[in-house]
Amino acid sequence: MPHTATPQAPPALAAHPLLPERLPLRLQDLPPPAARFCLRVGDFLTGELLRGTRPDGGVPAPARMAGTADAQVSPAPGLSLVVGVSGGADSLCLLLVLRWLAPRLGLRLHAAVLDHGLRPESADEARAVSALCRRLGVPCNAKRADVAGCAARERCGLEDAGRRARYAFFEAERQRTGADWICTAHQADDLCEDVLLRLVRGTGWPGLGGMAALDPSRRILRPLLTTERCDIDAFLADLGVQPVRDPSNADPAYRRNRLRHQVLPLLRAENPALGEAVRSLWELARCDADYWTCHLDHAQAGPAEGNRPAHAPAQPVATCGAPRAGAPSTAAADPPQRILLPARTLCGLHRAARLRLYKRMLDRLGPGQPLAASLMDLDAAWHAGHGGAWVQFPGGKAARVLPMSDTGDRCKEGAGGIEFHASASVPEQV
């Protein structure tokens, strides 16, 4: 049975190495419960890639490799992943599982380790994780970030600054290595917390269902998203793996920690199957999100201008910063500064569709999550014909209801609509 060599652990962690002295390198050499755990994660990963693949979406096409009952299943041979690793239980589990699944799924792995520099022992922990990656044969790049300085400069909390620094580093690594995806170790408890955080912030449906397992716009994959933390802990304990414990994860100063340690235990006392309930909500939400995406694409498309009936929906018009017609489209293209949503597009749509269409337009203008209450205020103003009414949205964005024509027929050409503005293009009177 092949095993890895014992790494030289940093002095601060010599008494508690991350991995045991002897650990199998092959999936088939793992204890059966650990192997089954890895295969469940692999099934979820390939299922999400299969589901999220679009013919023109730039996502590598999945493929199934035919063979015996033990045939390998690959989402894409040669798929390259950047794996964010901190040394904590979740990210350590993710790295090990992907390392054991790599030959089976045809994966190429690159580890990314960011030391936030917030604790005296963090540098030793980053070195220990780098040694672990070398032992597993996974290329690794470790970097130290001044998260405290970033928080002071950007006037945000340490948690927010750390998150920004991590994702910026992971994306830089993805581009440097030419990887297809960034893998993060969010698991089922994180999903529960995220749903509660979204509920507290007033997020509407289907966003209330929580974070996506596959986010093509940010190239993020979350292979552990439906895996329970207790199963992760059991997996690591069975293998003798000792993760790093970050004391900041218990600090009640952070809202997420208060939800984790105070609110979620109360909810689980009421319903021990809370995780299953949240996963059902998550699945329903993404099903609805897919439906609304297709429905709104159809509502915005319409026939060609010369053949469009008078009642057919018109396409939104992006101006002031949108790419020129015929210009090549790139991921780095600047978002539009102003989008006109003609009244003809809105006419005949159900209120639920209009609200989601407003959100889609605002999302196109850049960062900032629109609140459900503001979206409903905008729809009420449009429905009442309050031309000239303005509604503000996070991110400095705003929407203005355009006056109707003198005839009062809002479905006629030039009958008004709604104009969405990014922060740089909002007139002074807003």
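Leaving aside its neighbours within four places in sequence, with which residues is Leu259 in contact? In this predicted model, Leu259 is in contact with Glu193, Leu196, Leu197, Leu264 and Pro265, where contact means heavy atoms within 4.5 Å.

Residues are numbered from 1 along each chain as its sequence is written. Because the model is predicted, local features need pLDDT of at least 70 and side-chain atom pairs count only at pLDDT 80 or more, while totals for chains, interfaces and linings use all residues, and side-chain values use heavy atoms, with hydrogens and water left out.

Leu259 lies in helix α8, which covers residues 255–270; helices are DSSP runs of H or I with at least four residues, numbered from the N terminus. With a relative accessible area of 9%, Leu259 is buried, a term for values under 20% with a 1.4 Å probe and protein chains only.

Another helix, α6, spans residues 188–201, and its axis comes within 10 Å of that of α8, the two crossing at roughly 100 degrees. Axes here are lines fitted to C-alpha atoms over the stretch in contact, with angles from 0 to 180 degrees between N-to-C directions.

| Helix | Some residues in the α6–α8 contact |
|---|---|
| α6 (residues 188–201) | including Cys192, Glu193, Leu196 and Leu197 |
| α8 (residues 255–270) | including Leu259, Val263, Leu264 and Leu267 |

Cys192 and Leu259 are 67 residues apart in sequence, and their C-alpha atoms are 9.3 Å apart in space.

Key. Buried < 20%, exposed > 50% of the residue type's maximum accessible area, 1.4 Å probe, protein only.
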